[in-house]
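I opened this model to go through its contacts and its sheet. My notes follow in the order I looked things up.

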Amino acid sequence: MERARAFKAPEADLFDAQGRKVGRHSAGPTWELDDGGKVVGRVKVKADAPDGQGIAWLLLEAVKTSGGGIMSKVQSIQRVGTFGGKPPAAPADQAMVGQESRVEYTATYKFYVARGGQ
């Protein structure tokens, strides 16, 4: 018996424009920087990736922030420029039930604050 694959949660490292690891992205969805700042978002708008190959592009609203730094001021998050991340096309067979697999992806996350950082 074949079963559809199900998404569990994101698990990704965050890098700055210079390629330095600065934080993590995880379930929630949550983004947490190494400075302790954290934001949890909720999807407002979802659109298929333009090339059809990457995971969806998203616009999320911040529903909870904590810690210091820029993440405490984030009001919305945008995921664009995705590549990969889609589950394998073949359904899981009985031998795969209960197993997890990781699917690599890249994306650009943009974090927005109110003008003046308020």
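I began with the contacts of Trp31 in this predicted model. Leaving out residues up to four places away in sequence, I found that Trp31 touches Leu14, Arg24, His25, Gly37, Lys38, Val39, Gly41, Leu60, Met71, Ile77, Tyr109 and Phe111.

Next I checked accessibility. Trp31 has a relative accessible area of 1%, which is under the 20% cut-off, so I noted it as buried. Phe111 comes out at 30% relative accessibility and therefore counts as partly exposed.

I then looked at the rings. There are 2 aromatic pairs in the structure. In the pair of Trp31 and Phe111, the ring centres are 6.0 Å apart and the planes stand at 80 degrees, so I logged the pair as edge-to-face.

Which residues make up the largest nonpolar core? I listed 11: Leu14, Trp31, Leu33, Val39, Ala56, Leu58, Leu60, Met71, Val74, Ile77 and Tyr109. At least two residues of this core come from each of strand 3 (30-33), strand 5 and strand 6 (74-84).

Between strand 4 (residues 38-47) and strand 5 (residues 57-66), which run antiparallel, I noted 9 bridges. Val45 has Leu59 in strand 5 as its bridge partner.

Conventions
Residues numbered from 1 in each chain as written. Predicted model: local features only at pLDDT ≥ 70, side-chain atom pairs only at ≥ 80, totals over all residues. Heavy atoms only, no water. Pairing = 2+ DSSP bridges. Helix = DSSP H or I, 4+ residues; strand = E, 2+ residues; numbered from the N terminus. Core = buried A, V, L, I, M, F, W, Y, C linked by side-chain atoms within 4.5 Å. Buried < 20%, exposed > 50% of the residue type's maximum accessible area, 1.4 Å probe, protein only. Contact = heavy atoms within 4.5 Å. Phe/Tyr/Trp six-rings, centres within 6.5 Å; stacked < 30°, edge-to-face > 60°.
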